[in-house]
Amino acid sequence: MVLKLYVAGQAVLAADAPNPAPSPPPGMQDVANSFLGWGKWILLVAGVLGFMICAGMMIIGRRNRSQTAVDGAAGVPWVLAGLALTSLAAGIATVALT
């Protein structure tokens, strides 16, 4: 009995479920593009500001404040990773949905 249920469950899971391509609601394509463009611009500005803050911390912490310099240097990979994730976001989302 359990084996029959297992086989029946596998057959249901193996069946192809409908998988339509993504399509925007009517009139929303331009609005979505505007919001995505604004988000990218804001994150780009935040990334540049983040690099400047890290550089400032490294400059200020050069003498007698070594922990500040270390924190600034440790922030650089985080800013870079955030910018990389921002630039790859559309590709990652597309791959995840296909």
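**Leucine 83 and its surroundings**

Q: Which residues does leucine 83 touch, not counting residues up to four places away in sequence?
A: In this predicted model, leucine 83 touches Leu43, Leu44, Gly47 and Phe51. Contact here requires heavy atoms within 4.5 Å. Leucine 83 itself is placed in helix H3.

Q: Why is leucine 83 called partly exposed?
A: Its relative accessibility is 23%. Buried would require a value under 20%, and exposed one over 50%; leucine 83 therefore counts as partly exposed.

Q: How far apart are leucine 83 and glycine 50 in sequence and in space?
A: They are separated by 33 residues in sequence and by 10 Å in space, C-alpha to C-alpha.

Q: Which residues of H2 are buried, and what does the cover of its buried residues include?
A: Gly47, Gly50 and Cys54 are buried in H2. The cover of the buried residues of H2 includes helix H3 (66–97).

Q: How do you know that the span of helix H2 agrees with its number of residues?
A: Helix H2 (residues 29–60) has 32 residues, which at 1.5 Å a residue should span 46 Å. The end C-alpha atoms of H2 are 46 Å apart, so the two values agree.

Q: What makes up the lining of the largest pocket?
A: The largest pocket has a volume of about 380 Å³. Of its 17 lining residues, the closest to the centre are Leu36, Ala89, Ala90, Ala93 and Thr94. By class, the lining has 10 nonpolar, 6 polar and 1 charged residues. H3 gives the most to this lining, with 7 residues.

Methods:
Residues numbered from 1 in each chain as written. Predicted model: local features only at pLDDT ≥ 70, side-chain atom pairs only at ≥ 80, totals over all residues. Heavy atoms only, no water. Helix = DSSP H or I, 4+ residues; strand = E, 2+ residues; numbered from the N terminus. Expected span 1.5 Å × (residues − 1). Buried < 20%, exposed > 50% of the residue type's maximum accessible area, 1.4 Å probe, protein only. 1 Å grid on protein atoms, 1.4 Å probe; cavity = no way out; pocket = protein on both sides within 12 Å on 5 of 7 lines; lining within 4 Å. Points joined across faces, edges and corners; volume = space filled by probe spheres on them. Nonpolar A, V, L, I, M, F, W, Y, C, P; charged D, E, K, R; others polar.
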